[in-house]
Amino acid sequence: MIFAANFKTNHTRASTKEYLLALESLAQKSSDEFYIFPPISALCSSASKITIGSQNAYPVNNGAFTGEIGLEQLEEFGIKTILIGHSERRVLLGESQEFIAKKFEFFKNNDFKIIYCIGEPLEVRKEGELKVIEFLAEQFNAIDINYENLIIAYEPIWAIGTGVSATNDQIALTHKAIKKICNKPLLYGGSVNSSNIKNVLATQNVDGVLVGSASLDVQNFFNLSK
Ligand code: PEP
């Protein structure tokens with residue numbers, strides 16, 4: 001199973017270092033895969049089985065893009081993994097599908113492992129499963145679904161950070177449909193925590209989880225895999 005921690009704008013460079021050391025020791029004997037996505041100021045190299053990824057980067061080597069980092073800054077730490085398409089970047093930062101696809105292409109061409117996030121807002125979910133799939137299918141526009149280094153994360157926007165996870169039936173139905181579009185490892189994300197993790201992981205076509213709030217404490221995050 002894959003366990004990915006998205007710190008968002010939480011943790012510092014110092015606390016990320018402590019977190020990484022603790023996770024390395026906890027996960028030593030685990031056969032699961034662990035990824036952490038710290039804030040950009042806390043990016044660092046990892047020589048262990050824990051993969052460090054970037055929550056974001058601009059699709060350039062370097063250049064005049066104030067406030068952004070590019071490939072050169074990621075390469076300094078040997079970072080070869082990136083989150084693309086997270087709903088907070090789509091909605092709060094206004095990233096269009098066109099721009100997201102450009103980012104995808106750039107990091108694909110640089111052999112990154114891409115965790116590509118998709119998810120529908122509540123108003124679409126209320127219209128039923130068919131509308132949800134239509135909406136999600138559009139988030140694959142101009143995305144190379146055959147890219148070998150691709151992991152998909154299905155994260156319904158209404159479930160992110162709300163404490164209201166999708167039900168097992170919703171996850172099962174939606175994941176089945178996503179797998180038909182793109183047959184890649186598929187994570188579920190959206191209020192995953194210690195109370196629902198067993199059911200989420202037992203759901204068909206769930207290959208792991210992308211976790212926000214419940215990943216911020218390292219022991220809590222690791223316990224999700226037990
Ligand atoms: C996320 O934003 O990727 C996420 C899954 O957050 P949370 O677990 O807090 O819902």
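This is a predicted model: local features need pLDDT of at least 70, side-chain atom pairs count only at pLDDT 80 or more; totals for chains, interfaces and linings use all residues.
Residues are numbered from 1 along each chain as its sequence is written, and side-chain values use heavy atoms, with hydrogens and water left out.

**The ligand and its surroundings**

- The ligand is surrounded by 14 residues, and the closest are Lys 8, Glu 155, Gly 161, Ser 191 and Ser 213; a residue is near when one of its heavy atoms lies within 4 Å.
- This shell is made up of four nonpolar, eight polar and two charged residues. Ala, Val, Leu, Ile, Met, Phe, Trp, Tyr, Cys and Pro count as nonpolar, Asp, Glu, Lys and Arg as charged, and the others, Gly among them, as polar.
- A backbone N or O atom of Gly 161 lies 2.7 Å from an oxygen atom of the ligand.
- For Ser 191, a backbone N or O atom is 2.8 Å from a ligand oxygen atom, and a polar backbone atom of Gly 212 is also 2.8 Å from an oxygen atom of the ligand.
- On its own the ligand has 290 Å² of accessible area, and the protein covers 99% of it (Shrake-Rupley method, 1.4 Å probe).

**The two pockets**

- A pocket is an open set of points on a 1 Å grid over the protein atoms alone, where a 1.4 Å probe fits, with protein on both sides within 12 Å along at least five of seven lines; lining residues have an atom within 4 Å of a point.
- The second largest pocket has a volume of about 190 Å³, and its lining holds five nonpolar, eleven polar and two charged residues.
- The largest pocket has a volume of about 280 Å³. Its lining has 13 residues, and Lys 8, Thr 9, Gln 55, Glu 88 and Arg 89 are the closest to its centre.
- Helix H3 (residues 87–92) gives the largest share of that lining, three residues.

**Two loop residues**

- Lys 8 lies in the loop between strand E1 (2–6) and helix H1 (13–26), and its phi is near 55 degrees, a positive value in a residue other than glycine.
- Helices (at least four residues) and strands (at least two) are DSSP runs, numbered from the N terminus.

Note on methods. A polar contact is a pair of N or O atoms within 3.5 Å; within protein, one must be able to donate a hydrogen and the other to accept it, and residues adjacent in sequence count only if both atoms are side-chain atoms. Grid points are joined across faces, edges and corners, and a volume is the space filled by probe spheres set on the points.
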